[in-house]
Protein chains: 2
Amino acid sequence: MLEDKNDKPLGKLDELGEFGLIKHLTDNIVLKNPSSLKGVGDDAAVIAPSKNKQTVLTTDMLVEGIHFDLLYTPFKHLGYKAVTVNLSDVYAMNAHPKQITVSLAVSNKISIEALEELYEGILLACEIHGVDLVGGDTTSSVSGLIISITALGEAKKEDLVYRNGAKENDLICVSGDLGGAFIGLQLLEREKQIFNENPSIQPDFSGYDYVLERQLKPEPRKDVIDMFEELGVKPTSMIDISDGLSSELIHICQQSGVGCSIYENKIPIDPSTVIGAEELKLNPTVCALNGGEDYELLFTISLDNYEKIKDQKRVAIIGHITADKEKYQLVSNDEVVHPLTAQGWNALLGGN
Amino acid sequence: MLEDKNDKPLGKLDELGEFGLIKHLTDNIVLKNPSSLKGVGDDAAVIAPSKNKQTVLTTDMLVEGIHFDLLYTPFKHLGYKAVTVNLSDVYAMNAHPKQITVSLAVSNKISIEALEELYEGILLACEIHGVDLVGGDTTSSVSGLIISITALGEAKKEDLVYRNGAKENDLICVSGDLGGAFIGLQLLEREKQIFNENPSIQPDFSGYDYVLERQLKPEPRKDVIDMFEELGVKPTSMIDISDGLSSELIHICQQSGVGCSIYENKIPIDPSTVIGAEELKLNPTVCALNGGEDYELLFTISLDNYEKIKDQKRVAIIGHITADKEKYQLVSNDEVVHPLTAQGWNALLGGN
C-alpha cells in the first residue's frame, strides 16, 4: 500500500483515512473459496493454486468520464459491472474466476455512502460468481473515480481456450444477443442531454428496461462455460465481446491466421434493441457489429460439435471460418457481401 | 479490455489507438519465467503455478498529483518505481515475484515517447527482478496519469511470512536505512517551489544523490529475502515500509497482539539523510519514523536467530517485541520513553 504523502483531502472520507476506509469497506468479507488462504490485511493475498490447474490473470480499468458517467450510473451497478467485465475475460478463457483485487482512486466529491454502494455491487457480483475479494488499494484522486480490478481464475490446462485456435470450416457462434448495451448507452446519453438542457424534464425509459440493463448491469456468461462442460464441447477459440462483434471476430481471425464469413440475418438481436435503434435512427446490425459492451462470448467450434450446439437457445451460429487469411466478410440480408472491418460503421454506412 | 466508447481523444496517441498502443509498448516482451505460459494478447494471461508453492497477489495504484509529480519525476523512474513498490509487497511475504500486469489511464498531454520511457522503466524493473509483464489495460483518462500494477509471486507454504506472527522477546529488525526517501521528496518539493517562483533558477541537488534516488528509484529488498534463505532464518513477521516505521511496526504489533520497544539510537539513518534533514530543519528520527516510501523490510526474528543475523550489515536490530498489547514505545537518545503512534510527529514534536 502506498502512502498518501501529500495529504490531499479525501473529502468526507478524511475522518476514516485510507486504512480506516479499507477496513470499513472490507470488514465483513468472508472468504469462501478454499483456495483463498489470506485476503485483505497483509502485504499480499495468499492463494493456494488447485492441483493440476493453471491460473488465468486479467485486469481492467474503468475511468470516470471515459467508461462511465456518474450522472446516470448508480454506484451499485458500477461496482457490479466493474467486476463482471473482468470475470467475462476469465470466462472467455473457459476458466472459472476465483479471486479479485479492487483498487480505487477516489476524488473528494464521492461520499462514504457512495463507496459503500459501490462495494455492495462489487460484493454482489463476487457472491453470484463465487469469487473472493482478497485485496486492493484505495487512494485519493485529483479528479474523478478510477476503478482497477484484477481477476484470477483457474482451469485445467486442457480446458483453456485461446483466441488463436480457429480453423477452416469451424462454426462461428455467439451467446445471447448483441447491440443492446450500445442502444442502452445511447438512450442514457440522449436523456442526459435533455436533462442538461432542461433539468425539469424527467427521463422516460419505459419499455427500455432490457437495453438499459444490458448497459448498466451486464452479466458475464458463466452459464455458457458451464454449458460447454455439460455438453462436452471445447471451443477452438473464444473471446468476450467488449468492443463489438466485428472487432472481436477479427482478433480471433488474425490470431488464428484465418478468415471468416458471417450472415447478417443470423446475428442475434433482441426486439427491444431493434426498437431502440429505430427510435435513435441507427442500424441495429451496425450496433451489434460495433456497439460493444455486450460481454457475450464469441467462439468457434469444429463441425463435429454442430449437433451438440444447434439446439442451445443461448447460442446462435452466425457463420463459419474460412481459409482466406485477412478476408473478413459479412453477407447482408440482401445477400451482398461486405468486407467486415473493426470499424463496421464504415463498411455498412459507406464511410461515416 | 474495455472499449473507449466515448472516443475521448488520446492526444498524440490517437493514431495508434488503444490496441496499437498496447502492441507498440509490449511488442518486444519475451516471457522468461517458465510459469508464464501466455502473456499479453488474449483475454487473460495464463500462468502455471509451481508445484508445492502458493501464490501471493498484491496491487498498488499510483495517481498523478497524489503519489508523483511529473514536474520532477522522470518517466523511466516512475515506471521503475511503480513496479518496485509492488514487488516490495511480494518480498514482504518472503515470496518471489514472477508476473505483473500494468494498467494505465493516460491523459492526452502524455506523448508516446513519454509512455515508451515509462515502459523502459517498467521493463527494467522486471528484468532486474526476474518478473514477466503478462498483461494489462490501457485507456484514456480525463486528467492525469494513473498506473495500477498487480504482482503475482510464489513461495512454499512454510516460507510465507505474515504480519501476525511476532512474539514476545522477538527482535525487531529493519533493512537498509530510513527517512531518505522522505528527505528526497522534501528537497524536490522545495526546488519545485523555487522553480515556480523563479523558473530561471536551476535546482541545486549537489550532495543529495542518495536521498533523491531513495525517493525516485527505490530498490525493493530481494537481497534480504535471499539472505533469509542463505542463513536459514525465517522471520516471525514481516512488512515493507511504505508508510513509515511507526505505522508499519504498529501494524505488526496489532495483528500479532503484542507491544514493542524500539531505540532511537538503533534506527539506521544515512548521513546524507541527516544532513538533508538538518538543512530542512527536520528531525531525522521523525523522518525515519514517519517519512515513508523507503521500501525497506521491517521484520521480527526469534532470539534463537540473533547469532545468525547480528553481523549482517544490511540489517539493524532496533528493539524487541513485548507482551504489552497496544503499548508501543520509542526510547529516545536521552533515554526518555515516548509512546509510538502511527503519526510519530505528534509523539516527538509535541503535537505539530
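## Nonpolar core

The largest nonpolar core holds 202 residues, and Ile122(A), Leu249(A), Ile122(B) and Leu249(B) have the most contacts inside it. Such a core is a set of buried Ala, Val, Leu, Ile, Met, Phe, Trp, Tyr and Cys residues joined through C-beta atoms within 7 Å; buried means that 20 or more other C-beta atoms, placed from the backbone, lie within 10 Å of a residue's own. In soluble globular proteins, nonpolar side chains tend to be buried together.

Leaving aside residues up to four places away in sequence, Leu249(B) touches Ile172(B), Cys260(B), Ile262(B), Leu298(B), Tyr328(B) and Leu340(B). Contact requires C-beta atoms, placed from the backbone, within 7 Å.

## Basis of the model

The model is predicted: local features need pLDDT of at least 70, side-chain atom pairs count only at pLDDT 80 or more, and totals for chains, interfaces and linings use all residues. Residues are numbered from 1 along each chain as its sequence is written, while chains are lettered from A and ligands numbered from 1 in the order in which they are written.

## Chain A overall

Chain A contains eleven helices and 13 strands (DSSP runs of H or I with at least four residues, and of E with at least two, numbered from the N terminus). Of its 352 residues, 55% count as buried. The C-alpha trace of chain A spans about 65 × 60 × 30 Å along its principal axes.

## Strand pairing

In chain A, strand β7 (residues 171-175) pairs with strand β11 (residues 315-322) in the antiparallel sense over five bridges; pairing requires at least two DSSP bridges. Cys173(A) has Ile317(A) in β11(A) as its bridge partner.

Strand β9 (residues 259-263) of chain A also pairs with β11(A) in the antiparallel sense, over four bridges. Ser261(A) stands opposite His320(A) of β11(A).

Notes: A residue is buried if 20 or more other C-beta atoms lie within 10 Å of its own, exposed if 12 or fewer, and partly exposed in between; C-beta atoms are placed from the backbone. Two residues are in contact if their C-beta atoms, placed from the backbone, lie within 7 Å.
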